[in-house]
Amino acid sequence: MKRKQYTRIGIIILLFVIQILFLLAIFRENAHSYLLAILVASLVLLVLYTYRKGNLHADGHEFESYKIAVWVPAGAVCSYFLNQELGLGPVLAAALTGTLASLLTYIPWRKAYFQHLPPAIYCGAFVGMSDASVATDITFVLTAGCFTAIFLVVSKSVLKGIGGKPGTLAFLGVTLTYILIYIFRQ
Amino acid sequence: MDTIIIIATSIAGALITFLFNTRLGLGPVKSSAWLTLLIAAYFHYCPDVLSPYLTRHIPVAYIGGSFIGMVSARQLSTYTGIALAGLIFSFIYLNTSKLFTGYGGALGTSACISLLVVLSIPYFRTKRKMTIGLLQLRRLIIRKPAQKKRPG
């Protein structure tokens, strides 16, 4: 029970930190413009307020099934292949992966299982949207996809129904992989 | 002009996806992916219709806006709130940091931040709260003068 609670707090903090870092990077680059800096600072404060007061998370903490999460790296590889190898670009690659994934819901057998796959595959597709300068090869995409799958498993009850959550998880996966590769290459 | 088109695309992406997601009951993934596929395919195969800047940025702004429209109606159910989130998203997108350029999921993170900002204002969350808020605002503006007591 305690482990679940620690996991919940951990993933909430992780999501919050990555979003604040994202905003702070904008703040740093636009510090010369007072208006822009004030606007970004307001966004940081409002996000902080929503995390503290908003009804963003489900009451109990549940984990996503690993049978669903294993499809995240598959979505990442598919999107990466369409994006980098076929040269379709990130948006078309992710949209095509998401469209193909959504067709799985029309498979007549094991409907309960197939209905849960499109969000996981679409989440993976965001990893595959990475630029060639970030996602240098398929190993990077697979690793980032696996990290994203782990984040998807532990964040089932967090930010419930908020659009952009799968994207944030993918961003976490990509950033973590990038940092790890950077550390190991030093 | 290009900036206005990008802002309008983000807002339209959010509103159209939300409409398909909640009102037409397509669900978040189909609503986002299907429509984005049409727009991205059009600009990929017809790159000379608009300027190179718009051809590059319209599909990205649309898919980013569509992530906002994937929100559950339990969390946010007003079109004003969705449009405002689209506006905030376009602000983040237009000023996004070079540090995170090319990172997969950056658009989703921007969309999530935009939604969290809108959710900090309870007024936009549901139609009921919005109506109550509007009534309170009207009561504040058009306050009836207190009736004077007649002497005697």
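Which residues in helix 8 of chain A are buried? I found V141(A), T143(A), A144(A), G145(A), F147(A), T148(A), A149(A), F151(A), L152(A), V153(A) and V154(A). I call a residue buried if 20 or more other C-beta atoms lie within 10 Å of its own, exposed if 12 or fewer, and partly exposed in between, with C-beta atoms placed from the backbone.

**Ground rules.** I am reading a predicted model, where local features need pLDDT of at least 70, side-chain atom pairs count only at pLDDT 80 or more, and totals for chains, interfaces and linings use all residues. Residues are numbered from 1 along each chain as its sequence is written, while chains are lettered from A and ligands numbered from 1 in the order in which they are written.

**Helix 8 of chain A.** Helices here are DSSP runs (H or I, at least four residues), as are strands (E, at least two), numbered from the N terminus. I then looked up what the buried residues of helix 8 pack against: helix 1 (2–29), helix 3 (66–69), helix 4 (71–85), helix 7 (117–127) and helix 9 (165–185) of chain A.

**Chain A overall.** I counted 9 helices and 0 strands. The radius of gyration of chain A (over C-alpha atoms) is 18 Å, close to the 16 Å of the globule rule for 186 residues, so chain A is as compact as a globular protein of that length. That rule is 2.2 Å times the number of residues to the power 0.38. Along the principal axes, the C-alpha atoms of chain A fill a box of roughly 55 × 40 × 35 Å. Buried residues are 46% of the 186 in chain A.

**Helix 1 against helix 9, chain A.** How do I describe this pair? Their axes come within 10 Å and cross at roughly 80 degrees. That makes helix 1 roughly perpendicular to helix 9 (the class covers 65 to 115 degrees; under 35 is roughly parallel, over 145 roughly antiparallel, the rest oblique). From helix 1, I listed L14(A), L15(A), I18(A) and Q19(A) in the contact, and from helix 9, T168(A), F171(A), L172(A) and T175(A). Contact means C-beta atoms, placed from the backbone, within 7 Å. The residues of this contact divide into 5 nonpolar, 3 polar and no charged.

**Where chain A meets chain B.** I found 50 residues of chain A in contact with 44 of chain B. Helix 5 of chain A gives the most to the chain A side, with 9 residues. By class, that side has 30 nonpolar, 17 polar and 3 charged residues.

**Helix 5 of chain A.** I looked here next: 12 of its 13 residues are buried, so helix 5 is largely enclosed by the rest of the structure. Among the buried ones are P90(A), L92(A), L96(A) and S102(A). The cover includes helix 4 and helix 7 of chain A, together with helix 2 (28–45) and helix 3 (52–69) of chain B.

**Chain B, briefly.** I counted 6 helices and 0 strands. Of the 152 residues of chain B, 48% count as buried.

Technical notes. Contact = placed C-beta atoms within 7 Å. Axes fitted to C-alpha atoms, helices over the stretch in contact; angles between N-to-C directions. Nonpolar A, V, L, I, M, F, W, Y, C, P; charged D, E, K, R; others polar.
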